[in-house]
Amino acid sequence: MQLERLLQKHGFGTRKGCRSLIRNERVAVNGQICDDPFAEIDTTGLIFTVDGVDWPYAEFASLLLYKPAGYECSRKPVHHPSVLTLLPVQLRERDVQPIGRLDEDTTGLLLITDDGQLNHVLSSAKRKVPKVYLATTKHPVDQALIDQLLAGVLLTDEPEPIAAAAAEKAGDNLLRLTLTSGKYHQVKRMVAAAGNRVEALHREAVGDLSLSADLKPGEWRWLTADDLQKLGYSA
Ligand code: URA
């Protein structure tokens with residue numbers, strides 16, 4: 001792929017802007033400055049560098065973000081900044097979008113991508129991808145709460161009761177809940193319907209992919225082939 005096109009694909013601005021970055025010797029390919037915008041670059045395993053920052057060649061930008069509280073997943077947020085503001089501008093330029101939504105006050109694992117197929121597959125109701133949440137509850141977690149969540153609770157506007165795929169006590173006021181659907185405020189509504197109340201909510205995992213221990217709230221990393229496999233997705 002031509003270097004100029006490669007930079008444009010990775011969100012570094014217009015072709016003209018990318019050309020000038022290259023001509024001004026601000027771009028290196030596998031560690032070597034390249035000032036030819038039309039140089040043909042082998043993209044296999046490529047790392048390119050712009051202004052000293054390394055970027056992997058990525059056909060799609062698929063990321064895992066540790067969502068902090070106080071950010072909205074909407075691209076047009078109303079009351080709080082968008083989670084997308086936590087990403088470098090080059091990724092936002094690629095038109096990445098959150099896969100599903102977490103509430104503004106929910107923390108934890110959020111997947112973000114510009115790969116329409118990945119987004120579609122993981123959002124599809126048919127696939128029933130499990131999502132694991134840790135809820136801090138107002139009242140202690142007891143067996144009655146767990147039994148109700150596993151048996152199914154009726155939510156307003158839903159025709160049938162919805163059951164958790166798994167529910168367990170994780171502490172006096174901590175509930176670990178696995179859901180295979182993603183309805184609006186689903187955890188909060190299910191817990192409320194079972195007579196308790198969610199005071200804080202954190203998503204620990206999607207499919208077999210857990211939030212990396214090395215990420216802090218607000219930090220992100222690229223998804224690896226191994227991660228995609230854990231999500232049950234092969235491109
Ligand atoms: N369920 C909720 O109630 N909120 C979230 O953010 C995610 C699941």
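How far is a nitrogen atom of the ligand from an N or O atom in the side chain of Asp-103? I found 2.7 Å for this pair.

**Basis.** I note that the model is predicted, that local features need pLDDT of at least 70 and side-chain atom pairs pLDDT 80 or more, and that totals for chains, interfaces and linings use all residues. Residues are numbered from 1 along each chain as its sequence is written, and side-chain values use heavy atoms, without hydrogens and water.

**Ligand.** I then looked up the backbone. A polar backbone atom of Val-187 lies 3.0 Å from a nitrogen atom of the ligand, and for a backbone N or O atom of Gln-186 the distance is 3.4 Å. A polar contact is a pair of N or O atoms within 3.5 Å. Taken alone, the ligand exposes 240 Å², of which the protein buries 95%; these areas come from the Shrake-Rupley method with a 1.4 Å probe. Among the residues surrounding the ligand I listed Leu-102, Thr-106, Tyr-133, His-185 and Lys-188 (a heavy atom within 4 Å).

**Domains.** I recorded domain 1 (3–56), domain 2 (62–125 + 209–230) and domain 3 (131–206), with bounds from an automatic or database domain assignment. The C-alpha centres of domain 1 and domain 3 are 48 Å apart.

**Cysteines.** I searched the whole structure for disulfides (cysteine sulfur atoms within 2.5 Å) and found zero. Cys-34 is in none, and its nearest cysteine sulfur, that of Cys-18, is 13 Å away. Cys-34 counts as buried because its relative accessibility is 15%, and Cys-73 does so at 4%. Buried means under 20% relative accessible area, with a 1.4 Å probe and protein chains only.

Key: Buried means under 20% relative accessible area, exposed over 50%, partly exposed in between (1.4 Å probe, protein chains only). A polar contact is a pair of N or O atoms within 3.5 Å; within protein, one must be able to donate a hydrogen and the other to accept it, and residues adjacent in sequence count only if both atoms are side-chain atoms.
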